[in-house]
Amino acid sequence: MFSNLEFFIIEAFRSFRRSALMSFVAIGIIAVTLVIFGMFILLVINLGNIIGNVSSRMDVAAYVEKDISLESAGALQIKLTNLPGVEKVNFISRTEAWRKFREDFGGKLNLDEVMTSNPLPHTYTIKVKTPEYVPILAKRLSKFDEITEIRYSGQLIDQIKTLMDAVRLGGSVLIILISFATLLIVVNTIRLTVLARETEIYIMKLVGATNSFVKWPFIIEGVMIGVVGGGLSFLALKFSYDAVFLRISTALPFLPLVSDQRLLTMVYLVMIFGGTALGMIGAYVSVSKVLKAEI
Amino acid sequence: MIELVNVSKNYPNSIDVLYNINLHVGKDEFIFVVGPSGAGKTTIMKLLYREELPSAGKVVVDRVNVVELDSNQVPYLRRNIGVVFQDYKLLAKRTVYENVAFALRVTGAPRSNIRRKVMQSLEMVGLLRKANSFPAELSGGEKQRACIARAIVNNPPILLADEPTGNLDPATSWDIIQLLDKINKRDTTVLVATHNKNIVDDMKRRVVVLENGRITRDQQLGTYNT
């Protein structure tokens, strides 16, 4: 095969040039389809990021007995940190909590008239890894004798969990569907370029070309179309995402959009390699179908 | 060289295209297969280079039963058979030289041999000066010569011509038949399907008459009609 590689590449370039309009239409369709695919992936990733960010702010507050010693509180903090799903545990002593309370409300109320002693308990604020852990953690915390009260926003956690599940499931299903649709569009587009050269394939077969000899120039041409289409989709996606990122992060700075360059590069690489693979698969499937129908 | 033994060909829901055909064509023979349109002439050609498979019978080309040939061996069978068409089947976007060279290139022929063989082939058909022309710039006779050059560039032992003069005027038709005769004299078995009465009568070669898928006459030094 490799002795003929030069011929295959020349033939691929020649047919790319000779059916330039068809090739550019195929490139355009691949680029547009991949941009839509990429935009959807970025949307799902960003939605997941926003939800994840909101959920990471979901803390569980655990209040403990007033008379617990600081040593016991320290030991309890270690126990709590080791519980599954716990990311971080902060301890706020009752003295510190009282001082902060007085700072916040001391100017508006005469606290010394109302209270003679500090009424606040020691508090642990527990940060969870994902919101799914919150109800499980709450159940576990209730088994600790020292803990007298647990507070968390149960309904909000449930809603976020449902939303995350929906984004994950819906996102996966839609990505699979869009991938399939993209493949179909690309295969059929390249099929048109192959069908336009049916006579050429017929003659190649007639003069004794083997099937693989017929296929290779088309596959190389498919790869060329895929690489260019994928490359264009990468450029379009990168520049539009950068522009959108700049606008949103200026207008809505609290919205945590994905800016991790490694993750974005992965998405862009999927565009380029996806385009290449689609071009190759499209050409292979199309030329195989034509060959099957041929002599 | 060519042998058809009890060959029949039919398609679902249609009458027999060929029925119980028995035909032997010796090495270096020149044979006309004549008959009206739909008699089965083209089907016989297609059976020989295995574009079609018979419904029954044996098709032997150069001692190989092509019916039993593995599909990946078919390209090698076709390298031994040159085919000439009524509609030429030239690639419009390639020059005459490229059309002929293409037939060699797709068989994986080394590049060093290609130019020499293509030039020899074009010289043989008298088309050297048109090597760089595109098919659209050629007359009908020249297109047919280019098609013949492509068919013989591999030096196949068998040449099949399906209505090679169908689109040509009488003088050009005669030139083309003379060219096929010249190729035959260079140790090539030539099988011509035609309904050009004048040419068949003037050539006085073996004539096989097909009617409704059956051989009705097989005559040495024959004519179109009895």
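Figure 1. Chain A holds 10 helices and four strands, where helices (H or I, at least four residues) and strands (E, at least two) are DSSP runs numbered from the N terminus. Read from the N terminus, the order of elements in chain A is α-α-β-α-β-α-α-β-α-β-α-α-α-α. The model is predicted: local features need pLDDT of at least 70, side-chain atom pairs count only at pLDDT 80 or more, and totals for chains, interfaces and linings use all residues. Residues are numbered from 1 along each chain as its sequence is written, while chains are lettered from A and ligands numbered from 1 in the order in which they are written. Of the 295 residues in chain A, 28% are buried. A residue is buried if 20 or more other C-beta atoms lie within 10 Å of its own, exposed if 12 or fewer, and partly exposed in between, with C-beta atoms placed from the backbone. For contacts in chain A between residues at least 6 apart in sequence, 88% link residues at least 24 apart; two residues are in contact if their C-beta atoms, placed from the backbone, lie within 7 Å.

**Figure 2. The side of chain A that touches chain B.** The predictor assigns the complex an ipTM of 0.85 and a pTM of 0.69. Contacts between the chains involve 14 residues of chain A and 14 residues of chain B. On the chain A side, the elements giving two or more residues are α1 (5–18) and α8 (198–206). The largest share, five residues, is from α8(A). By class, this side of chain A has eight nonpolar, four polar and two charged residues. Here Ala, Val, Leu, Ile, Met, Phe, Trp, Tyr, Cys and Pro count as nonpolar, Asp, Glu, Lys and Arg as charged, and the others, Gly among them, as polar.

**Figure 3. Helices α3 and α5 of chain B.** Chain B has an average pLDDT of 91, and 100% of its residues score at least 70; pLDDT is the predictor's confidence in each residue, from 0 to 100. Helix α3 (residues 96–105) of chain B packs on helix α5 (residues 140–152) of chain B at an angle of about 25°, with the axes 8 Å apart. Axes are lines fitted to C-alpha atoms, for helices over the stretch in contact, and angles run from 0 to 180 degrees between N-to-C directions. α3(B) and α5(B) are therefore roughly parallel, as angles under 35 degrees count as roughly parallel, over 145 as roughly antiparallel, 65 to 115 as roughly perpendicular and the rest as oblique. Their crossing is right-handed; a crossing is left-handed if the near helix is turned anticlockwise from the far one by less than a right angle, and right-handed if clockwise. From α3(B), B:Val96, B:Asn99, B:Val100 and B:Ala103 make the contact, and from α5(B), B:Ala146, B:Ala149 and B:Arg150. Five of these residues are nonpolar, one is polar and one is charged.

**Figure 4. Helices α4 and α5 of chain B.** Helix α4 (residues 111–125) of chain B and α5(B) have axes that come within 9 Å and cross at roughly 135°. α4(B) and α5(B) are therefore oblique to each other, and the crossing is right-handed. In α4(B), B:Ser121, B:Leu122, B:Met124 and B:Val125 meet B:Arg145, B:Ile148, B:Ala149 and B:Ile152 of α5(B). The contact consists of six nonpolar, one polar and one charged residues.

**Figure 5. Helices α5 and α6 of chain B.** The axes of α5(B) and helix α6 (residues 170–184) of chain B cross at roughly 15° and come within 10 Å. This pair is therefore roughly parallel, with a right-handed crossing. B:Gly140, B:Gly141, B:Gln144, B:Arg145, B:Ile148 and B:Ile152 of α5(B) meet B:Thr172, B:Asp175, B:Ile176, B:Leu179 and B:Ile183 of α6(B). Five nonpolar, four polar and two charged residues form the contact.

**Figure 6. Strand β4 of chain B and the loop to β5.** B:Asp62 lies in the loop between β4 (56–61) and β5 (64–65) of chain B, and its phi is near 50°, a positive value in a residue other than glycine. B:Asp62 counts as partly exposed because it has 16 C-beta neighbours inside 10 Å. B:Arg63 is in the loop between β4 and β5 as well, with phi near 70°, again positive in a residue other than glycine. B:Arg63 counts as exposed, with 7 C-beta neighbours inside 10 Å. B:Ala56, in strand β4 of chain B, is partly exposed, with 14 other C-beta atoms within 10 Å. B:Ala56 and B:Lys9, 47 residues apart in sequence, have C-alpha atoms 6.7 Å apart in space. Neighbours within four places in sequence aside, B:Ala56 is in contact with B:Asn6 and B:Ser8.
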